[in-house]
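Colleague: I would like to go through some of the labels used for this model and hear what each one rests on. Let us take them one at a time.

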Amino acid sequence: MTETSAGLEGIPAPADLWDDSAAADRDVLDGLVYRSNLLGADRALANEGGGNTSAKGVVSDHAGRETRVLWVKGSGTDLATITAAGFPALRLDELLPLRQRESMEDAEMVDYLLRSALRPDQPRPSIETLLHAFVAAPHVDHTHPDAVIALTSSPRGRRLAEEAFGAEAVWLDYQRPGFHMSRRIAELLDQNPSARAVLLEKHGLVTWGETGEESYRITLEVVARAAEAIRTAAGGRFGLGGEKVTPLGDAEADELLAAALPALRGALLADADGVVLHLDRTPGAVAFASSRRAPEVSQIGAPCPDHLIHTKHKPLVVELDPAHDGAAELRTAFRRGVDEYATWYRGYYERHLTEESRPFPADPAGPRVVLVPGVGIVSSGADAGRARLARDLYHRAIAVQDAADAIGGFRSLSEDEAFAIEYWPLERYKLAQAPPRGELAGRIALITGGASGIGRATARLLAERGAHVAVADLNAEGAATVAEEIAAAHGAGRALGVPVDVTDEAAVADMVRRAVLAYGGLDILVSSAGIASSAPVTETTLADWDRNHAVLARGYFLTAREVFRVLIEQGRGGSIVFVGSKNALVAGANASAYSAAKASALHLARCLSEEGGSLGIRVNTVNPDAVIEGSSIWSSEWKAERASTYGVAEEDLPGFYRRRTVLGVNVFPEDVAEAIVFFAGPRSAKSTGNVVNVDGGVTAAYPR
């Protein structure tokens, strides 16, 4: 009988993806791209953004001279997607003499590499460029395979490696990457000419070959043999002692998390300018979080330098037994856990601060990975992409920790070693290459009526300014389309389409629940769901009256109430913006049901601003008028009815509205979106209970 848990079953051998026909007829650089993409396609071999590859060849320089060059992965690129442009070429004959140096500082090395570039417009070369230069073979691969890291992260690892590889692999005790590690590897290979690979303790693998195919296949062979050595030594003891906590079903877990995630996000926001959460309930994540030994093993530290940059040195493990504890207990555990973790992290930063790291302020002190027994793993980041990256890298950590523990114990980088990577100037450079953050970066927005008109324009602008957007609409297909457009423009996970009928209490609660489960909480609500009807009061039916008030008054109330609950639980304030109407301020003929409902919503906003003020929740209203373009309302009978009321032809209605404004303009959805996003964001941080008209200047609607 073994202790294996579902989802924690050891590390499999990698699949051979090499295709002779696809690899044929490529020059050296294109062959390097092909090989790199294959390695990056398997995240158990190469982390996202991690690892580096190279090839050596001869080209003509700008003066027509034949020059030996090293093409090496550019810093911060990803092997899975890298193209030829991602490989800077360096003059190999300028790099090789560095082997004779006794020492070289990082800044000096980087400057030297940049000066050795064949062209000045190339990407900055990898931190580990000299490793590739000093290994004599034409093709070199440096990867971070789970199996190799697990083997080299165990106290038994060196002996097991000797048994598995003999003289075919040399072992390098942990060293931070850079000049000294590169030089030491070259020395080891001089001393061990029969070696085919280098095992880097708690770090990864270096392989090489006369051809790209040979280097690739040696990588796969070494990893497969390491995985087999682990399976043999483990004897089936995977799973970190088996289940300690019985995992919840999906429905139970979602109910628990929907109620508790805002507390976690609020705690993280205490020390961060915007946070997005990502829930991971894959079998491996649930099994790891629910296992007997995860609370101990996970705290030993990060298995690999590549991991901790995005996951930090260790996760937070919350105290929870879902068999007895509910949402209230989990909320308390989240808040207490984040507070204790932040205290540890600030101390970690102060304890290990050096002159090298002093220029870099401490990162937000909260955890990036949170283990929830019986539920799974919650990762966090400044945006959805970084939250998913933390999740993906922690999956690699799970595989390594489980395998290493099964063969006799897991050991990690020390705190000092981890800090030296986390705050290493060369790693900080890579992080600094991210594009500037928008003013709403890390904020979560929910917008009703988001499938068309003002709602759609607002959703797009919120995303453009950095927000993650839940686009909700009765038109579910339209909402999904807008969300897909936003994700295509700004990145996967940046938007979510949600169906909703804002008049239905249960549907509104489900809408908010979906947004919380997708992103962890909310910061912004834009109520833009709308309908309209036009008729003399004598012809206004009770159904018309009720429908207007159901959408424009009850719908705004239900949505605001649910969002208030989330914002209060988060405890970090928030912004609610109602899309009103000129009709909320100006009496108009033949629109009593619509106008009265809009006036009701306007006063509701004022009331909510009073309730929300002490909680930091701001509530403001934007009043548009005659926004015809792209509106689902104006494509309905409303347009014909308003034209009839004013005695103009339908096609002349835009001109009629333009002429009645003091600015002489028509108003478009994008104009209204600008005002909404102003109220949603930090530039209006001290504004609540206010009304802004975006109507071109309708004199009768001037607020009094």
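Colleague: How much space lies in the second largest cavity?

Modeller: The model is a predicted one, and in it the second largest cavity holds about 60 Å³ of space. A search of the whole structure finds six cavities of 30 Å³ or more.

Colleague: What makes up the lining of the second largest cavity?

Modeller: Among the lining residues are Met-109, Val-110, Leu-113 and Leu-114, along with Arg-124, Pro-125 and Leu-426. Helix H4, residues 106–115, gives the most to this lining, with four residues. By class, the lining has seven nonpolar residues, two polar and one charged.

Colleague: What is the volume of the largest cavity, and which residues are closest to its centre?

Modeller: The volume of the largest cavity is about 200 Å³. It is lined by 20 residues, and those closest to the centre are Asn-52, Glu-128, Asp-306, Glu-427 and Lys-430. Helix H13 (305–311) and helix H17 (425–432) are the elements that give two or more residues to this lining. Its residues divide into five nonpolar, ten polar and five charged.

Colleague: Why is Lys-202 called buried?

Modeller: The relative accessible area of Lys-202 is 9%. Buried means under 20%, so Lys-202 with its 9% is buried. Lys-202 sits in the loop between strand E6 (197–200) and strand E7 (204–209). Its phi is near 55 degrees, a positive value in a residue other than glycine.

Colleague: Why is Asn-590 called partly exposed?

Modeller: Asn-590 has a relative accessible area of 27%. The cut-offs are under 20% for buried and over 50% for exposed, and 27% lies in between, so Asn-590 is partly exposed. Asn-590 also has a positive phi, near 65 degrees, and is not a glycine. Its place is in the loop between strand E16 (574–579) and helix H22 (592–612).

Colleague: What makes strand E11 mostly covered?

Modeller: Strand E11 spans residues 376–381, and six of its six residues are buried.

Colleague: How do you know that E8 and E11 pair?

Modeller: Pairing needs at least two bridges. Strand E8 (residues 276–280) and E11 have five, in the antiparallel sense, so the two strands pair. Within E11, Gly-381 stands opposite Val-276.

Colleague: What joins E10 to E11?

Modeller: Strand E10, residues 369–372, is joined to E11 by four bridges, and the two run antiparallel. Val-370 has Val-378 in E11 as its bridge partner. The hairpin of E10 and E11 has three residues between the strands, and Gly-374 in it takes a positive phi near 80 degrees.

Conventions: Residues are numbered from 1 along each chain as its sequence is written. This is a predicted model: local features need pLDDT of at least 70, side-chain atom pairs count only at pLDDT 80 or more; totals for chains, interfaces and linings use all residues. Side-chain values use heavy atoms; hydrogens and water are left out. Buried means under 20% relative accessible area, exposed over 50%, partly exposed in between (1.4 Å probe, protein chains only). On a 1 Å grid over the protein atoms alone, a cavity is a set of points where a 1.4 Å probe fits but cannot get out, and a pocket is an open set with protein on both sides within 12 Å along at least five of seven lines; lining residues have an atom within 4 Å of a point. Grid points are joined across faces, edges and corners, and a volume is the space filled by probe spheres set on the points. Ala, Val, Leu, Ile, Met, Phe, Trp, Tyr, Cys and Pro count as nonpolar, Asp, Glu, Lys and Arg as charged, and the others, Gly among them, as polar.
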